[in-house]
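Have a look, and then we'll walk through it together.

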Amino acid sequence: VLKLHYLSGQNTIDTSITLTYQVQYDVLQQVALSAATLNMGAVGAPCAASQRYIHFTNTLCKPLTIDGISWDSTENVYSFTPIVLPVTLGANGGTDSVLVHFKPDTAESSSNKLRISLVLEGVQFDTVLTVTGTGVTTFHDTLLTPSLVFDSLSICQSGELEGELVNLSCN
């Protein structure tokens, strides 16, 4: 209630106005993500991969729809297991999840943003989750020939030996 006390000419007026409000679109505060950022960890490049789930929980009193999921960047070291959209999260605790994958092709840190489009009563809202990961080098090359040794060489002579080098990085 808003109480007003004002002058109108010579008269003092007292009046009250009842104010009501309704929060219509508090979607971003009411959708609980399992994390604000998702760290995929340190992963051996180019062969290893990691995966983590993102969980969505609807704490609203109305159903909420996940209408779209996409990456902001086209960098292909991040992906997610496709799900059939739209997905409706039931009111007061409806949940779902998405499995995110990270498979780096180089030894460096990277990040991408996962954009989640949510719809409440026909109005779309986007929320963004930052996903990070680090590719690390894990190369393990192995010389299969145990030793390469020349017998004896005289000055002005040359010789060749052969050995086998196998890249075991992805084995």
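Let's start with Trp-71 and Tyr-78, which are both buried in this predicted model. Their rings sit with centres 5.7 Å apart and planes at 40°, so this pair counts as tilted.

Now follow Tyr-78 to its other partner, Phe-102. Here the ring centres are 4.9 Å apart and the planes meet at 20°, so this pair is stacked, since planes under 30 degrees apart count that way. Tyr-78 belongs to strand E7 (residues 78-80) and Phe-102 to strand E9, so the pair ties together parts that are 24 residues apart in sequence. How much of each is accessible? Tyr-78 has a relative accessible area of 3%, and Phe-102 comes in at 0%, so both fall under the 20% limit for buried.

In soluble globular proteins, nonpolar side chains tend to be buried together. The largest such core here has 24 residues, and Val-100, Leu-114 and Val-131 have the most contacts inside it. Several strands give it two or more residues, among them E4 (37-45), E5 (50-58), E9 (94-102), E10 (109-120) and E11 (123-137).

Leaving out residues up to four places away in sequence, Leu-114 touches, among others, Ile-54, Ile-69, Val-100, Leu-129 and Val-131.

Technical notes:
Residues numbered from 1 in each chain as written. Predicted model: local features only at pLDDT ≥ 70, side-chain atom pairs only at ≥ 80, totals over all residues. Heavy atoms only, no water. Core = buried A, V, L, I, M, F, W, Y, C linked by side-chain atoms within 4.5 Å. Buried < 20%, exposed > 50% of the residue type's maximum accessible area, 1.4 Å probe, protein only. Helix = DSSP H or I, 4+ residues; strand = E, 2+ residues; numbered from the N terminus. Contact = heavy atoms within 4.5 Å. Phe/Tyr/Trp six-rings, centres within 6.5 Å; stacked < 30°, edge-to-face > 60°.
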